Amino acid sequence: MGKIFKVMSSPIGPLTLAEHDGALTHLLFNGEVPKEYIEGESELLQKAEAELSEYFEGARREFDLPLEPSGTEFQQRVWAALLDIPYGETRSYKDIAIAAGCPRGFRAVGMANHNNPISIIVPCHRVIGSGGGLTGYGGGLPIKEYLLGLERKYS
């Protein structure tokens, strides 16, 4: 199967789900479309939409989807560390830097989060500043606040 995407409605606006060869490659905000992808439908995209809908309803805490985010070796380590953050919890950039094997790489973790192509499912919204404050988020801070609030509500 080629590179396909679909746009779904959500409480935080349109989300684009994209897949390539049976793995989810993107979850993007504002209906953004990854280059070289065409609109389409598949079982995986339907399952991803259903799981995200359950997440927004508070009925799902973990996703069961094949993921294939494209990135550097360091980004892959950061994204793997993000997947270990439990639902409803947060970690600091320092915590993630340590987990990714680069204890002083706070800024690099921030850039890896910024480049996370599968937001929400790879939960970069769960990373906060060391003082507990919310810092940047690709979807914008109001969306980060919404996602963290949603998870607190259903934890």
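These legends walk through several close-up views of a predicted model.

Local features are described at pLDDT of at least 70 and side-chain atom pairs at pLDDT 80 or more, while totals for chains, interfaces and linings use all residues. Residues are numbered from 1 along each chain as its sequence is written, and side-chain values use heavy atoms, with hydrogens and water left out.

**View 1**
Where they meet, 13 residues of domain 1 are in contact with 16 residues of domain 2, contact being heavy atoms within 4.5 Å.

UniProt, in an unreviewed entry, places "domain: Methylguanine DNA methyltransferase ribonuclease-like" at residues 6-69. In the model, the span is 22% helix and 28% strand, and its end C-alpha atoms lie 17 Å apart. Helices (H or I, at least four residues) and strands (E, at least two) are DSSP runs, numbered from the N terminus.

**View 1. The largest nonpolar core.**
Have a look at the 39 residues of this core: L52, F56, V78, L82 and I120 touch the most other members. A nonpolar core here is a set of buried Ala, Val, Leu, Ile, Met, Phe, Trp, Tyr and Cys residues joined through side-chain atoms within 4.5 Å. "Buried" means under 20% relative accessible area, "exposed" over 50%, and "partly exposed" in between, using a 1.4 Å probe and protein chains only. Among the elements giving two or more residues to the core are strand 1, strand 2 (15-20), strand 3 (23-29) and helix 3 (93-99). Helix 1 gives the most, with 6 residues. Both domains take part, since the core draws at least three residues from each of domain 1 and domain 2.

**View 2. Around V78.**
Zoom in on V78, one of the residues touching the most other core members. Leaving aside residues up to four places away in sequence, V78 touches I96, A100, V109, A112 and N113.

The structure holds 10 salt bridges, each a side-chain nitrogen of Lys or Arg within 4 Å of a carboxyl oxygen of Asp or Glu. Side chains of opposite charge can pair when their charged atoms come close. In this view K6 pairs with E49, and their closest N and O atoms are 2.4 Å apart. K6 sits in strand 1 (residues 3-8) and E49 in helix 1 (residues 43-56), so the pair ties together parts that are 43 residues apart in sequence. K6 counts as buried at 11% relative accessibility, whereas E49 is partly exposed at 23%.

D64 lies in the loop between helix 1 and helix 2 (73-83) while K47 is in helix 1, so parts 17 residues apart in sequence are tied together. K47 counts as partly exposed, at 36% relative accessibility. Salt bridges with shared partners join K47, E51, E54, R60 and D64 into one network.

R126 forms a salt bridge with E151, the closest N and O atoms being 2.8 Å apart. The partners are 25 residues apart and link distant parts of the chain: R126 is in the loop between helix 4 (106-114) and strand 6 (127-128), and E151 is in helix 5 (residues 141-154). R126 is buried at 5% relative accessibility, and E151 is buried at 1%.

The unreviewed UniProt entry marks C124 with the annotation "active site". In the model, C124 lies in the loop between helix 4 and strand 6 and is buried, at 4% relative accessibility. Not counting residues up to four places away in sequence, C124 touches L82, N113, N116, S119, Y137 and K144.

How many disulfides does the structure hold? There are 0, a disulfide being a pair of cysteine sulfur atoms within 2.5 Å. The sulfur of C124 is 18 Å from the closest cysteine sulfur, in C102, which is too far for a bond. C102 is partly exposed, with a relative accessible area of 29%.

Terms used:
UniProt positions renumbered as here; feature names shortened; annotations may be inferred. Domains from an automatic or database assignment.
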